[in-house]
Amino acid sequence: MSAPELVNVTIDGRDVQVPKGTGMVEAALAAGIEIPVFCYEPRLGAAVGACRMCLCEVEGMPKLQAACTMTAQDGMVLRTAQTSDQAAEGQNAVLEFILLNHPLDCPDCDKGGECPLQDLTFRWGPGNTRMHFPKRTFDKPIPISPLIGLDRERCILCYRCTRFSELVAEDGQLVAVNRGAQSLIATFEDEPYRAHFSGNVIELCPVGALTSTTYRFRARPWEIQNVPTVCGLCPVGCNIWATTREGKVARILSRNHPEVDDGWLCDKGRFASGHLGAEDRIREPRRRVRRRGFEPVSFEDALDEAERGLRETEGSVVVAFSGGESVEQATALARLVQDGLGSRAALLPEPFNPALARFRAPLSAIRDADVCLVVGDDPVVERAPIVDLWLRLARREGAEIVTVHPSGTVPVAPGSAASVCAALAAGGPPKELRTAARSLKRAETVALVWSQDDPSGGAHIAALADKLGEKASVYYLPRTPNGTAVAEAWGPADAPAAAEEIGALIVSGDEAASDPRVRELAERARFVLTTTMFENDLTLWSHLVLPGTSYLERDGTFVNLEGRPQRLRRAVGPAVEDELAFFADLAGRFGIGVDRWPSELPQERAPLPPREENDGSIKVPPASRGRQNGRGLQLLHYRGLFSGPAVDRVPELQFQRPLAEVEISAADARERGISAGEPVTVSSNGTTRTLTARLNRRLLAGVVRIEEEHAEGLAGRVEVRRA
Ligand code: SF4
Ligand code: SF4
Ligand code: FES
């Protein structure tokens, strides 16, 4: 790559050299000078010049110019309000104009104390007001969704929120209505703002017009602490600030990591922290007492009980992981069970495939790819939401996005991801994949995204990446936040003994506790030890229940889907000792030394399985396109982002839950006389569910798609009829 052409500009008398085309706001920063802005936000696309806060004097131009709309040109001489009286007067007038109708309710406003308008008015604005008349008022707050309130009179019409909705998330739900002085921000047709990334507009709003209903009036900026940590709810691992007040997490904000999340969060990560205070939270260890249910016990008594249970059943121990454990927790359990108790039996949430490490790249590299190939049945936005935003950005930057799944740009039958990769890797692919194959060949950089469960842990996509060579990067999207690192920490796992009695079962976390396979193991186990945050079916089957912790209550390490280890920091403390302390102490009783603190954990890991070279001999099902044989329609289900124990316990998030819908192809709907939005019955295996029909013109004929929660009891092929 050739070095960029440099140009010389002079700002407030300081000469600076920057690459040609650099925005003037950034060029000024390079010279150590701040140009104040409201509407300017490079992540939202091209500058719109809406607020005029950045007015500057430019030599050779008769009027003041909006610096945010200009790029550096050689010889440009610019004077900001710091050295130009004309610019200072202009900026002062802009602020006076912005404040014309803006209420001066800073003491009440949630943004007060951390508000760009307040700060810039203090630094650059008029010292007093000439407005001695009533200001505009509106009903307030207007709930644009259960998560976001709009105080319309505070809006300064910078269009950051609408640009985010239109250009970044591309949900098109926030719009500006009316014109000129009557312009207002509203949702499309006044429907609730229901989208995966809606909460980002709260952070983008430079005034207190958009506020979070879960944080509103809960804290003032001088009462809070912001703890830097990472989100533990999906494998992206967005960098976050956990704002705490009086020992409670009050809100989650982005801590912009430009390579991971680009400063965006999904609504699950932003709003689900309310689960920490759920009423059904288990707050103390409890032990089952014969014929009397459970009794609370101390941490020490719980250790005695666990030691007794494991000693009596030594040698026959199974661990069921959730995939939300930190590396240190998983390592502690591995040391206890493998080294202390001599068992390798485990239910791991994800496979670990070291072959993928060769193709690691930051998520931001998706933006720079020429071609992005997305294979797998699960919608990317439901598995790893921020990856969806990176793919949208890549498309806007000119990348070709090829999606190969039942409703993709190349529609293929469910479960075809492996065969698609194999066909593309082998060369001479079937007709429907030829255009994609040509694109992959022509491209200089390729991002491969795998979005499906894969027992091989990504071997197929790694084989395709092998064929593509250095130009390929791979993004394998696991189902769980830290499951691949947990699998790596555990090493090769034995399957739990089939059908025979199990000595002891250790269930780690709420996801494992609600897994039907774990429930089946619990019924066969003589001793069940469960760590879980909330009451669930499995707590009743357990002999010892330990209070589990959230990712916001733990120190430790999470490894995200890029393979990037990131530090979890404890934002608030759990009521008792956490799982790591418990299993470290328990390991000590079996003669195994494990530190109770993540920073001091030994580095040894269980040996990894031998690395397999891809030789193209992976067994794959044949790629198929079009209608499947057999009666009925093939059911495809996926897990929606807004599901799981944390979401279940946050009332404000319930409107985001997946709708009770069945997606059906236009051809299948026509054949059955089904119209969009009408109720239909979906049946299989004696189970019938009534759902709303959603016509998907891209979906392959012969396939229906339903979110997991609404597909309960349905499997295989289903009959769909008008209700
Ligand atoms: S609501 Fe906030 S972000 Fe949206 S236009 Fe108004 S001031 Fe800007
Ligand atoms: S995308 Fe994933 S890691 Fe990021 S905020 Fe959402 S759930 Fe958390
Ligand atoms: S920041 Fe330049 S016009 Fe708004």
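Me: What covers the buried residues of helix 12?
Reply: The cover includes strand 18 (371-375), strand 19 (400-405), helix 11 (417-426), strand 21 (446-450) and helix 13 (459-468), with contact meaning heavy atoms within 4.5 Å. Helices (H or I, at least four residues) and strands (E, at least two) are DSSP runs numbered from the N terminus. Bear in mind that this is a predicted model, where local features need pLDDT of at least 70, side-chain atom pairs count only at pLDDT 80 or more, and totals for chains, interfaces and linings use all residues. Residues are numbered from 1 along each chain as its sequence is written, chains are lettered from A and ligands numbered from 1 in the order in which they are written, and side-chain values use heavy atoms, leaving out hydrogens and water.

Me: Which residues of helix 12 are buried?
Reply: In helix 12 (residues 434-442), they are Ala-436, Ser-439 and Leu-440. Buried means under 20% relative accessible area, exposed over 50%, and partly exposed in between (1.4 Å probe, protein chains only).

Me: And why do they line one face?
Reply: Looking down the axis of helix 12, its buried residues fall within an arc of 100 degrees, so they line one face; the arc is taken from the directions from the helix axis to the C-beta atoms. The face turned away from that buried side carries the exposed Lys-441 and Arg-442.

Me: Now helix 4. Which of its residues are buried?
Reply: Arg-160, Cys-161, Thr-162, Arg-163, Phe-164, Ser-165 and Val-168. That is seven of the nine residues of helix 4, so the helix is largely enclosed by the rest of the structure. Its buried residues are covered by elements including strand 8 (174-177), helix 5 (200-204) and helix 10 (385-396).

Me: What comes just after helix 4?
Reply: Glu-170, which takes a positive phi of about 55 degrees.

Me: Switching to ligands: how many residues surround ligand 1?
Reply: There are 13, and the closest are Cys-155, Cys-158, Tyr-159, Cys-161 and Cys-205. A residue is near a molecule if one of its heavy atoms lies within 4 Å of it. The shell of ligand 1 has twelve nonpolar, no polar and one charged residue. Here Ala, Val, Leu, Ile, Met, Phe, Trp, Tyr, Cys and Pro count as nonpolar, Asp, Glu, Lys and Arg as charged, and the others, Gly among them, as polar.

Me: And what surrounds ligand 2?
Reply: Cys-231, Leu-233, Cys-234, Gly-237, Cys-238, Leu-265, Cys-266, Gly-269, Pro-385 and Ile-386. By class, the shell of ligand 2 holds eight nonpolar, two polar and no charged residues.

Me: How many salt bridges are there?
Reply: The structure holds 57, each a side-chain nitrogen of Lys or Arg within 4 Å of a carboxyl oxygen of Asp or Glu. Asp-378, Arg-383, Asp-453, Arg-479, Glu-511, Arg-639 and Glu-708 are linked in a network of them.

Me: What does Glu-153 pair with?
Reply: Glu-153 forms a salt bridge with Lys-140, their closest N and O atoms being 2.7 Å apart. Glu-153 sits in the loop between strand 7 (148-150) and helix 4 (160-168), and Lys-140 in the loop between helix 3 (116-124) and strand 6 (142-145), so the pair ties together parts 13 residues apart in sequence. Glu-153 is buried at 8% relative accessible area, while Lys-140 is partly exposed at 41%.

Me: Last one: which residue forms a salt bridge with Asp-648?
Reply: Arg-657, with the closest N and O atoms 2.9 Å apart. Arg-657 also bridges to Glu-709, at 3.2 Å.
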